[in-house]
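This report covers one protein chain, from single sites to the whole fold. Please look over the sequence and the model before reading on.

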Amino acid sequence: MASASDPESISVTRGARKRDEDSGTEAGEGTDEWSQSRATVRPPDQLELTDAELKEEFTRILTANNPHAPQNIVRYSFKEGAYKIIGFVNQMAIHFSQVGNLIPKDSDEGRRQHYRAEMAAAILCQGSQESAKVVTSDTEIPEEEEEPKEGETEVGSQTDVPAAAEATEKVIEEELLAPVQPKERKLTNQFNFSERASQTFNNPLRDRECQMEPPPRTNFSATANQWEIYDAYVDELEKLEKTKEKEKAKTPVAKKTEKTALRKLTSMESQSDDITKVSQAAKIVERMVNQNTYDDVAQDFKYYEDAADEYRDQEGTLLPLWKFQNDKAKRLAVTALCWNPKYKDLFAVGHGSYDFMKQSRGMLLLYSMKNPSFPEYIFSSESGIMCLDMHVDHPYLVVVGYYDGNVAIYNLKKPHSQPCFRSTSKSGKHTDPVWQVKWQKDDMDHNLNFFSVSSDGRIVSWTLVKSELVHIEVIKLKVEGSTTEIPEGLQLHTVGCGTAFDFHKEIDYLFLVGTEEGKIYKCSKSYSSQFLDTYDAHNMAVDAVLWNPYHTKVFISCSSDWTVKIWDHTVKTPMFIYDLNAAVGDVAWAPYSSTVFAAVTTDGKAHVFDLAVNKYEAICNQPVVAKKKNKITHVQFNPIHPIIIVGDDRGHITCLKLSPNLRKMPKEKKGQEVQKGPAVEIAKLDKLLNLVREVKTKF
């Protein structure tokens, strides 16, 4: 037994010694490594720096800017029509993005998932326990076989090896018997339902086809760099230079043919343009909307008659209707008003300034009563418009006079910002503001003709000959009795400053001129050297002179000396004088009666007179502006409707309806027809004039 067991004990002791030797050698090697000093290994290309250079600090600033983001992005701006550098560049860089699903734990789907996870964990636990039992049963068999060997070794070697083996076996058994816990599965994102299937029934898709052919399309993509933009501009400039050279080499006949071809092309383009087709319909719709908005005003204009006039003692009122204003002409005064002779709802307004210290721009606006919110035509000018007139036979032609002394003609058929014809310093423009213009009958060659009067004392006839304005000086106003002699033998005449004029309705050559000196001259187109008659009318400037539309001998004048006077041109003294207690800006005869006229004053009041009703005072005296500071500058009667328009120095135009007492017509008598017509109106005014003449002859 001893001999058998000796070799085994020897082998065990030799194995233990070997282990001790191996462990001893490992421990010794470790202590030697720590005891040795470590030598730093430098790369061959490393710079050798001094201690001061090594201690030097270099600051590095971290920013949120993306270093790969471009800083010179250029894009085309359709607003400005040029390429612009984009100042803001997106600096965000996305390194990772993931779309997930989250489901609430309390929901049905969350409970189902939790239940499935528990079931899977239970199945895994059962499987691990069974596998652990199988492993233990396999390991127990060799242990029983090896027990005598271990006993023999314990007896022979008498060392601590069996104790260590038993400890390792216990650890293995504990690890095998312990249940394997399954890893928890994370729930999916509960708030993103893009991956969930729909429970509704999806209807089958139906293909619908269109019979029309789609327009041809081409895909275009390109990158625009600075050099490409530069090359494009260079090419464009070269093309322009080439076209200029070709035009120089062409004959005038070829140029004319090209112009006609271009006109045809532009006309075709304008016809095919969608905006032009829609513009007329849009204008009608705008008028319909305005009619609905101002429906109560339109009803008053058409049907309302002030029933209170029956109880008033021959007095009337003015009913405010529409108010016309435009933001572009806010601070410009109304300097002229004129109704269109053909379209009775259309009227022209001239805007400028009567303050010679505050002269700026001017505007010509045309309003329609069908659309009080916005003008039909807008024309702007560098100088203020002081007067205007519309042609009787050609209602689309508007002549205006400017503050700088020029005259111009606007064509409404060509709504451009510039006038079609305009005077210049070479073509005899006035040197002072033009205060009034009037269309006259065409000359012998059927050329358009109009007259103008200015503060420079000249009355000029303008004729439109071959798209040019030709001027002829009709008369030069001179103040009588104001000649001064110079020692050299020359005589200097004081120039009369014309402010207003009007032409006779029947006698073509006869016209009246009002001046700043307060005098009215009766002149003739045939005599340019002297006046037919002179009236000492007013003490201040004459603002308006008008012939009566019915009576050929009667005219009216108003002035800044607060008076309105009615004259018979055969008598040098006025027939009627009315003091209105304020400077009178304008006066107008009514188109329906020879005895009715209206006047406006600078205190914001409108005065309506009817000589047949009351010869001594106005039958209507009413303020018609919102503020007392606003000065009324002009007034005009509508040719058909019983309304007037008044303009003030703030650029506002107010439309007012005359009450029945202000437009009294002769009453019908039983068994007699009411006589109407110009003869009746002339007789009515003659009757009043005869009464005045009788009174004057008595005194």
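## Ser 383

Ser 383 counts as buried, because its relative accessibility is 12% and the cut-off for buried is under 20%. The model is predicted. Ser 383 sits in a loop. That loop runs between β7 (377-381) and β8 (385-390).

Which residues does Ser 383 touch, leaving aside those up to four places away in sequence? On one side of the numbering come Ser 360, Arg 361 and Gly 362. Tyr 402, Tyr 403 and Asp 404 complete the list.

## Leu 364

Leu 364 belongs to strand β6, which spans residues 362-368. Is Leu 364 buried or exposed? Leu 364 is buried, because its relative accessible area is 0%.

Gly 352 lies twelve residues from Leu 364 in sequence. The C-alpha atoms of Leu 364 and Gly 352 are 9.2 Å apart.

## The cavity

Rolling a probe the size of a water molecule over the atoms shows where empty space is left. How many cavities of 30 Å³ or more does the count give? It gives one. The largest cavity holds about 30 Å³ of space.

Its lining comprises Phe 379, Tyr 410, Asn 411, Lys 414, His 416, Gln 418, Pro 419 and Cys 420. Four of the lining residues are nonpolar, three are polar and one is charged.

## The whole chain

The chain has 699 residues, and 34% of them count as buried. Nine helices and 32 strands make up its secondary structure elements. Take the contacts between residues at least 6 apart in sequence: 49% of these join residues at least 24 apart. The accessible surface comes to about 48,500 Å². Carbon and sulfur atoms account for 53% of that surface.

## Confidence

Mean pLDDT for the chain is 78, and 75% of the residues reach 70 or more. Over residues 1-28 the pLDDT is below 50. Beyond near neighbours in sequence, residues 1-28 have four contacts in the model. Residues 139-159 also have pLDDT below 50. That stretch has nine contacts beyond near neighbours in sequence. Where pLDDT is low, the predicted coordinates should not be read in detail.

Technical notes: Residues are numbered from 1 along each chain as its sequence is written. This is a predicted model: local features need pLDDT of at least 70, side-chain atom pairs count only at pLDDT 80 or more; totals for chains, interfaces and linings use all residues. Side-chain values use heavy atoms; hydrogens and water are left out. Helices (H or I, at least four residues) and strands (E, at least two) are DSSP runs, numbered from the N terminus. Buried means under 20% relative accessible area, exposed over 50%, partly exposed in between (1.4 Å probe, protein chains only). Contact means heavy atoms within 4.5 Å. Accessible areas come from the Shrake-Rupley method with a 1.4 Å probe; for residues, only the protein chains shown count as cover. On a 1 Å grid over the protein atoms alone, a cavity is a set of points where a 1.4 Å probe fits but cannot get out, and a pocket is an open set with protein on both sides within 12 Å along at least five of seven lines; lining residues have an atom within 4 Å of a point. Grid points are joined across faces, edges and corners, and a volume is the space filled by probe spheres set on the points. Ala, Val, Leu, Ile, Met, Phe, Trp, Tyr, Cys and Pro count as nonpolar, Asp, Glu, Lys and Arg as charged, and the others, Gly among them, as polar. pLDDT is the predictor's confidence in each residue, from 0 to 100.
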